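Hello,

Here is the structure I said I would pass on. My notes come after it.

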Amino acid sequence: MNGRVQLRAESAQPDSASQSPNSHSQTRSRSVCEYSETGPSGLSVVMENVTDGMSALNTKQSPGKLKRGTRRTRSLYGASPSNNFGPKGCLMKNSSTLLTIQDPGSQRLTWNKVPLSILIIKKIFDASVVPPFKDLVTWLVECRQMVVFIEEKVLQENLLQEDTEFQNLTTKLSIFREGKDDLTDKIDFIICLGGDGTLLYASSLFQQSVPPVLSFHLGSLGFLTPFQFENFQDQVNQVIEGNVPLTLRSRLKCVTCKKDSVCSRTLHINNIDKADASTHILVLNEVVVDRGPSPYLCNIDLYIERKLVTSVQGDGLIISTPTGSTAYATAAGASMVHPNVPAIVITPICPHSLSFRPVVVPAGAEIMVMVSPEARHTAWASFDGRNRQEIQHGDTLRITTSVYPVPSLCYQDQMSDWFESLAGCLNWNVRKSQKQFTDSTRTSSLTSLESLSERESDRDPEYV
């Protein structure tokens, strides 16, 4: 495929109509990255750097702290690298078509039309979530006059069945059934009430474009649910008005191809017809390939960009998004990757090798997993913990980053929300502080070294 792609990372002020009163005047900055795909055998890259003048943020805030609603003067992707290497070296340039990518730090939700329909995902089998659920539904239907979609199995819960007042309200609700009713283009945005599982479930319902997701923390862990329910009316009203920061959480496109099928012979995963694939799923967290019920080692071959990288012998392999890097992958020893980083994390599960460490590859790479010809047994795959299926000898599991992310709304901003989740949910780097010296004994590093040398000299007459 010959085509040129230009990637831009931009940080710019919004239109005056959508600009908040507390916003500060800033100039535009952008960095441009071009690449040209020369075919399956290689990738030619051209980098360009464009700067329209950049000014520092003129506020009285302390460094590193951004008020909600302000914009950065630099891209979170970083500055574009120089194209020149020494006095004579430079990157080769190629002609191509342009694609614009906005700087993650300036991504904010806006609406082409006023949102009217809302899908509510509620954590099931949890009595503590029922009162907030009823309050939210009642307010949206009676006060906001919105179309509210609820899953059929939620309304079948005993606490809701026994509530006469709520049952009278169900006639105004739109009911859907998972796997039977298509929600495509029917939902303007999603509200999740529960834990991280509600967001994963919402992602599974939309296998293409996903509406914006507002997640309230009413579950156990809540790593992906930054909003508190106490002031839900204000939070929902702010989302409806727009100009809210969000994080685009990338998903993995996973395709299972049977042996000798048309799907398995297709050159690239993005060219595979959905009808030709045994499985075609988008996942938010991870794909897990393991040994299933077999007592033998999982023996699978790992390909990246159609090249054999290694054979995995152990309990299995986790292929995760940056969002999924803080889930099962973290428990298996992977690094925690910020969701704005375009990457795929590959983590072995209990590998039978002391040198097999997790790796991070570019988001656009295509990953293939196959059962090794020497394997004693088949392997099993699961997608965000669901749709578990067996991978036979000759089958191919193909994975790459999907073009359909999950737009998750931020409470503060992408950085603050993520690090607060690390500290609050995973106790990241939480420990007792080291006691400081008293003023009388506090010394500098040089004084401490001199004191140590004197003690060593006193103890050993031959000390030099």
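Below are notes on a pocket, a cavity, a sheet and a helix pair.

This is a predicted model, in which local features need pLDDT of at least 70 and side-chain atom pairs count only at pLDDT 80 or more, while totals for chains, interfaces and linings use all residues. Residues are numbered from 1 along each chain as its sequence is written, and side-chain values use heavy atoms, with hydrogens and water left out.

(On a 1 Å grid over the protein atoms alone, a pocket is an open set of points with protein on both sides within 12 Å along at least five of seven lines; a cavity is a set where a 1.4 Å probe fits but cannot get out; lining residues have an atom within 4 Å of a point. Points are joined across faces, edges and corners, and a volume is the space filled by probe spheres set on them.) Its lining has 44 residues, and F206, Q208, S209, V210 and P211 lie nearest the centre. α5 (196-205) is among the elements that supply at least two lining residues, and with 4 residues it has the largest share. (Helices, H or I of at least four residues, and strands, E of at least two, are DSSP runs numbered from the N terminus.) The lining divides into 20 nonpolar, 12 polar and 12 charged residues. (Ala, Val, Leu, Ile, Met, Phe, Trp, Tyr, Cys and Pro count as nonpolar, Asp, Glu, Lys and Arg as charged, and the others, Gly among them, as polar.)

Cavity. There are 3 cavities of 30 Å³ or more. The second largest cavity has a volume of about 120 Å³. It is lined by 14 residues, with P226, T247, R249, D417 and W418 closest to its centre. β12, β25 (406-409) and α9 (414-426) each give two or more residues to this lining, and α9 gives the most, 4 residues.

Sheet. An open sheet of 6 strands runs in the order β14-β13-β24-β21-β16-β17, with antiparallel pairing. (Two strands pair if DSSP finds at least two bridges between them.) β14 and β17 (307-314) are the edge strands, each pairing on one side only. Strand β13 (residues 252-257) is joined to β14 by 5 bridges, and K253 stands opposite L282 in β14.

Helix pair. α1 (residues 130-143) and α6 (residues 232-241) pack at about 50 degrees, their axes 11 Å apart. (Axes are lines fitted to C-alpha atoms, for helices over the stretch in contact, and angles run from 0 to 180 degrees between N-to-C directions.) That angle makes α1 oblique to α6. (Under 35 degrees is roughly parallel, over 145 roughly antiparallel, 65 to 115 roughly perpendicular, and the rest oblique.)

Regards
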